[in-house]
Amino acid sequence: MKLCGARPAVDPRLVRPRWIVRARPYLIIAPALLLLIGILYPFFLAMYYSFTSYTLTRPIPKFIGLANYIAMVTDPGFLHSTLVTFGYALGSTGIELLLGMAVALLLDRETRVSKILTTTLIFPMMIAPVIGALLWKLMMQPSVGILNPMLAMLGVNTRSLDWAAKPSTALPSVILIDVWIYTPFVALLLLAGLRSLPREPFEAARVDGASRWFTYRNLTLPMLIPIMTIAIVFRFMDSLKMFDIIYAMTGGGPGDALMTYQLQAYTKGYLYMNLSYGLTYTMVLWVVIYFVSQKLVNFWNKSQQRAAGM
Amino acid sequence: MNTLKSRLRSLAADGVLIIYFVFVLFPILWMVLTSFKRTDELYTTRFFFHPTLESYKVITIGEQFVSGTGAFRPDFPKFFMNSVILSVGAVLLSLLVGVPAAYALARFRFKGKESLAFTFLSFRFAPEFAVIIPLSIIYRKLGLYNTYFGIIWVFQLITLPLLIWVLRGYFEEISPEIEQAAQTDGYPWWQVFIRILLPLVRPGLAASALLAFVFAWNNFVYPLVLGGSDVQTVTVSALSFLSSEQAYYNRMAAACVIASIPEIVLALSIQRYLIRGLSFGAVKG
Amino acid sequence: MAKLVLDRVTKKFGSVVAVNDLSLEVADGEFLVLLGPSGAGKTTTLKLISGVEHSDDGLIYIGDKLVNTLEPPQRNVAMAFETYALYPNYNVYENIAFPLKAPGRKMSKQDIDRKVRSVAELLGITPLLERHVGALSGGQRQRVSLGRAMVRDPEILLLDEPIAHLDAKLRHRMRTEFKALEREIHTTTIYVTHDYLEALSLADRVVVLNLGKLQQVGTTDDVFNHPVNVFVATQLGQPKINLIKSTVSNNGGKLQFVSTDEGAIRLDVPDRLKDAVLKANAKEFLVGIRPLYVDVVDNQAGRANVIDATVYVYERLGTKGALTASIGSQSVDVITPIEMDFRIDEPVKLAVQVDNLIVFDAASEQNILAA
């Protein structure tokens with residue numbers, strides 16, 4: 001029983017839902033978009049300013065093209081800043097990955113110690129990085145701190161060494177603080193990953209008589225690659241732009257031993273009020289972060305698919 | 001299977017863990033101890049001392065002293081309130097904006113959806129000074145410098161990405177047919193949202209809101225640069241006890257302890273959802 | 001209770017046309033079954049009727065009201081989803097009561113309680129009322145989903161594969177329950193299934209869909225005995241209807257279907273089909289005979305249209321047997337009484353009841369009678 005015969009085209013107003021229904025998705029996302037624009041505006045402004053000359057003494061920005069960038073790159077301190085920035089990021093991320101993996105493996109057991117430790121692991125993560133840095137600053141202080149006396153007890157003579165005041169020990173000190181605060185994050189992340197691994201391949205490997213190291217290297221590790229990538233993305237990106245810890249510890253010193261890009265941006269852009277010059281450092285940092293994170297996220301997507309296929 | 005060997009191995013593993021345990025907890029313990037030390041006993045690194053609440057009294061009641069940032073009266077209760085107002089305010093704004101956005105990203109299909117989602121995520125990784133420097137100029141012009149709203153607005157860079165990404169995952173887990181059933185049963189879309197959807201994402205909502213609160217509370221740079229004495233937070237104030245004349249480490253320690261208590265309490269309550277929140281939903285743990 | 005009209009309704013998802021120019025009229029109180037394989041557009045059709053999906057083209061009338069622009073809460077339609085779609089945050093009682101508490105409904109608590117309990121009683125889930133949804137088995141969830149749809153008096157009741165995920169015994173029982181329920185609920189009902197037995201048992205009329213297009217609509221007798229094309233014929237009946245590719249030849253004054261491979265099968269063209277066969281412009285035909293219209297005989301005495309075949313496989317299925325026999329490269333399915341027994345490769349004689357032949361044009365796959 002079909003209604004047959006051609007009929008005139010239907011008035012779309014009868015067929016389509018009311019406009020407010022169609023507009024609904026856009027209205028729902030509108031507040032977020034407004035906020036987005038409100039946040040992106042300063043960014044684009046920053047980008048623009050970095051191509052101008054905008055300082056306290058010259059409060060009206062004048063376009064000068066790449067002059068700021070050239071000045072920054074040719075500054076003798078730039079190489080050092082780059083080394084410090086990446087050294088800090090690579091050092092802390094690397095150590096956190098290794099240490100976090102070790103801790104995660106040790107925690108993945110059913111003993112009472114591991115359960116208690118898993119709970120307490122969140123403490124360093126929840127404390128403000130600034131405060132975390134202050135804790136260690138307190139301990140590393142030669143006169144008040146407990147670190148040197150304790151090391152002395154273990155036979156290491158570092159009496160009256162001010163860890164933060166010597167250029168050679170300053171970077172390791174801040175890396176140590178970063179490791180203290182963030183290794184739990186990596187460890188808990190990897191632990192969640194370990195706990196979510198399927199059991200069958202491991203049972204099969206055990207039946208086949210594989211050694212622990214073999215199992216670890218060829219089963220566990222490859223399957224954990226997606227999660228390790230996430231850990232690396234978060235830690236590397238965050239440590240490239242770390243400010244709080246270094247500022248609290250030495251404010252960039254001693255001298256300019258710890259002048260990472262962000263510290264440069266703060267010092268030159270904010271303290272010395274050479275706004276446009278300070279922004280160039282942030283722009284370079286932002287570009288690095290953006291591209292590296294894109295690459296890593298792509299890698300993560302692919303590695304997820306591959307791990308699922310295992 | 002050599003159970004003795006494996007038992008020894010397990011004990012060794014526990015031993016290593018305990019060493020790490022000490023590494024993790026000791027600085028915190030030391031901070032708490034220091035906060036109870038008398039100023040004259042600061043320079044003796046002894047575990048046994050005469051505990052006193054002097055530091056706590058000083059910072060809460062407020063005695064004027066000179067610090068590196070000039071004459072300064074630590075008005076700690078005010079700082080604490082500021083932190084509360086700013087963190088709660090930031091989270092509330094993020095909830096208002098982020099919950100609908102997360103829902104839209106989970107359900108609707110439109111061009112550029114993933115780019116939009118990635119843009120929100122990218123806020124998390126933005127170098128602060130790229131935003132701070134222009135904002136410090138804009139805020140002064142708009143009169144937002146040293147205001148609650150100004151800081152709450154900037155805090156969105158920290159709180160919003162987290163909320164959107166975690167909630168998006170929770171929304172995606174709910175079958176759209178449940179919403180369709182509720183609509184067919186006679187409920188308009190906003191009632192479906194309140195009665196059915198929100199209860200189902202409540203754990204994720206609570207966890208990410210609390211985590212966002214912690215991040216906002218811990219933030220140092222934004223209140224430092226864009227805020228003045230009116231809105232100073234506890235986190236910023238912790239640093240102010242060190243000056244070139246006298247470093248009141250015990251007071252600093254007391255400030256650190258007070259600043260850290262809320263977040264430790266909160267973190268313990270969302271333990272279960274912690275990993276999922278911290279990794280922005282990438283890992284379910 | 002209302003009648004339902006779909007007028008040339010189309011729905012696309014991207015480039016996939018889920019419902020293609022569908023037109024349908026459902027009478028008030030009718031029990032209509034939508035039959036078709038997965039992907040036929042059955043669920044989408046239901047969702048278009050309930051308003052959860054919006055059609056790209058075409059008009060939908062419930063009662064005499066044009067409902068295209070109305071949102072689901074404004075159409076008085078109830079639906080039981082194939083995936084159940086129960087509310088995880090409520091228990092069974094609250095799930096069923098949920099529609100009755102919708103805004104705009106002013107029912108007293110006692111009335112709601114009465115209705116929920118009577119529906120629960122009907123479906124046998126009264127002891128489950130306090131349980132949470134997560135603690136229910138699949139069959140229980142399906143009944144809760146049904147209860148939620150039935151608890152109010154909608155103008156149209158939509159049931160999407162309501163017993164598909166139950167085990168065979170429960171399904172059979174539910175089918176008979178539905179039949180009994182049908183007499184009690186006089187609501188216009190659209191019932192979706194891919195199981196033809198449910199269609200045959202429950203339907204006032206059957207609508208057969210394929211890839212979004214309407215194939216045939218009619219009573220169970222219409223679609224079973226007078227399928228309009230090969231697709232409809234194969235949708236109903238298990239084992240499927242036998243289709244033998246044949247040409248027509250004039251064998252000494254008698255019109256016969258001759259199978260195209262080696263002509264091993266020869267069947268007389270029945271009188272009622274003679275005109276159509278001659279009029280059809282077809283080079284080849286698909287001659288269809290359902291397995292229940294083929295009999296196994298001992299000898300040929302006095303019977304026409306007997307085929308010589310060999311046993312390929314024989315399945316004993318409780319109350320009947322299913323024999324698959326091969327003739328050359330063709331195979332024919334036959335339903336036999338359970339008492340029979342066969343050995344593989346045994347020769348067997350099959351008598352075809354040619355009065356029940358359904359013949360299709362091999363090229364267009366259309367029934368030659370449905371010109």
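User: In chain B, what share of the contacts with a separation of 6 or more joins residues 24 or more positions apart?
Analyst: This is a predicted model, where local features need pLDDT of at least 70, side-chain atom pairs count only at pLDDT 80 or more, and totals for chains, interfaces and linings use all residues. Residues are numbered from 1 along each chain as its sequence is written, while chains are lettered from A and ligands numbered from 1 in the order in which they are written. Two residues are in contact if their C-beta atoms, placed from the backbone, lie within 7 Å. For residues 24 or more positions apart in chain B, the share is 76%.

User: How many helices and strands does chain B have?
Analyst: Helices (H or I, at least four residues) and strands (E, at least two) are DSSP runs, numbered from the N terminus. From that end, the elements of chain B run α-α-β-β-α-α-α-α-α-α-α-α-α-α. The count for chain B is twelve helices and two strands.

User: Is Leu211(B) buried or exposed?
Analyst: Leu211(B) sits in helix α8 of chain B. A residue is buried if 20 or more other C-beta atoms lie within 10 Å of its own, exposed if 12 or fewer, and partly exposed in between, with C-beta atoms placed from the backbone. Leu211(B) has 26 other C-beta atoms within 10 Å, so it is buried.

User: What percentage of the residues in chain B is buried?
Analyst: Chain B has 285 residues. Of these, the buried ones make up 49%.

User: Which residues have the most contacts inside the largest nonpolar core?
Analyst: A nonpolar core is a set of buried Ala, Val, Leu, Ile, Met, Phe, Trp, Tyr and Cys residues joined through C-beta atoms within 7 Å. The largest one has 278 residues. Those with the most contacts inside it are Ala255(B), Cys256(B) and Val207(C).

User: Which helix gives the largest share of the side of chain A that touches chain B?
Analyst: The contact takes 68 residues from chain A and 67 residues from chain B. The chain A side gets 13 residues, its largest share, from helix α2 (residues 19-50) of chain A.

User: Which element gives the largest share of the side of chain B that touches chain C?
Analyst: Here 15 residues of chain B are in contact with 19 residues of chain C. Two elements of chain B give two or more residues to its side: α7 (176-184) and α8 (189-218). The largest share, six residues, comes from α7(B).
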